[in-house]
Amino acid sequence: MECAFCTDGIDHCHGTLVVHPDGGFAECTDPDCADLARVRHGLIIDCQTVDPACACGAAVVTEAVLRQAS
């Protein structure tokens, strides 16, 4: 089976874009990914859904909870 985007020559990535809540930092699971633009990725997840969860999200969640509590 061929990728329709590849067949049509559309610029895209087959990796998953992992987005960190620390101000827009993202990384891709495809080591050959040339551009981290969201539009190029069919799969986009938050870093907290990765197992084990990314530590950067825990700090943001804790700060948000503390702000709500005060």
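How many helices and strands are there in the chain? There are 2 helices and 3 strands, and the model that shows them is predicted.

Figure 1. Of the 70 residues in the chain, 21% are buried. The chain exposes about 5200 Å², and carbon and sulfur atoms supply 59% of that area. Among contacts with a separation of 6 or more, 39% are between residues 24 or more positions apart. The views that follow take up the sheet, then single residues in the loops.

**Figure 2. The sheet is open and has 3 strands in the order β2-β1-β3.** Its pairing is mixed. In general, strands of a sheet pair through backbone hydrogen bonds, and the pairing is either parallel or antiparallel. The edge strands here are β2 and β3, each of which pairs on one side only. From one strand to the next, the twist averages 25°.

**Figure 3. Strand β1 pairs with β3 and with β2.** The pairing of β1 with β3 is parallel and runs over 5 bridges. Two of the residues to look for in this view are Cys 13, whose bridge partner in β3 is His 41, and Leu 17, whose bridge partner in β3 is Ile 44. The pairing of β1 with β2 is antiparallel, over 3 bridges. Here Val 18 has Glu 27 of β2 as its bridge partner. Is β1 enclosed or open to the outside? In β1, 6 of the 7 residues are buried, so the strand is largely enclosed by the rest of the structure.

**Figure 4. A salt bridge joins Asp 11 and Arg 40.** How many salt bridges does the count come to? The count comes to 1 salt bridge. In the pair Asp 11 and Arg 40, the closest N and O atoms are 3.1 Å apart. Asp 11 lies in the loop between α1 (4–8) and β1 (13–19), while Arg 40 lies in the loop between β2 (26–28) and β3 (41–46), so the pair ties together parts that are 29 residues apart in sequence. The two side chains are also joined by a polar contact of 3.1 Å. Arg 40 is buried, because its relative accessible area is 9% and the limit for buried is under 20%.

Figure 5. Cys 13 is the residue whose bridge partner in β3 is His 41. Gly 15 can be located from Arg 40 as well: the two are 25 residues apart in sequence, and their C-alpha atoms are 9.5 Å apart in space.

**Figure 6. His 12 is a buried residue in the loop between α1 and β1.** The relative accessible area of His 12 is 17%. A polar atom of the His 12 side chain lies 2.6 Å from the backbone oxygen of Ile 10. Which residues does His 12 touch, not counting residues up to four places away in sequence? His 12 touches Cys 3, Phe 5, Cys 6 and Arg 40.

**Figure 7. Asp 32 is an exposed residue in the loop between β2 and β3.** Its relative accessible area is 67%. His 14 is 18 residues away from Asp 32 along the chain, and the C-alpha atoms of the two are separated by 9.8 Å.

**Figure 8. The peptide bond from Asp 51 to Pro 52 is cis.** Most peptide bonds are trans. For the bond from Asp 51 to Pro 52, omega is near 0°. Where is Pro 52 found? Pro 52 is in the loop between β3 and α2 (55–69).

Technical notes: Residues are numbered from 1 along each chain as its sequence is written. This is a predicted model: local features need pLDDT of at least 70, side-chain atom pairs count only at pLDDT 80 or more; totals for chains, interfaces and linings use all residues. Side-chain values use heavy atoms; hydrogens and water are left out. A salt bridge is a side-chain nitrogen of Lys or Arg within 4 Å of a carboxyl oxygen of Asp or Glu. Helices (H or I, at least four residues) and strands (E, at least two) are DSSP runs, numbered from the N terminus. Buried means under 20% relative accessible area, exposed over 50%, partly exposed in between (1.4 Å probe, protein chains only). Two strands pair if DSSP finds at least two bridges between them. Axes are lines fitted to C-alpha atoms, for helices over the stretch in contact, and angles run from 0 to 180 degrees between N-to-C directions. A polar contact is a pair of N or O atoms within 3.5 Å; within protein, one must be able to donate a hydrogen and the other to accept it, and residues adjacent in sequence count only if both atoms are side-chain atoms. Contact means heavy atoms within 4.5 Å. Accessible areas come from the Shrake-Rupley method with a 1.4 Å probe; for residues, only the protein chains shown count as cover.
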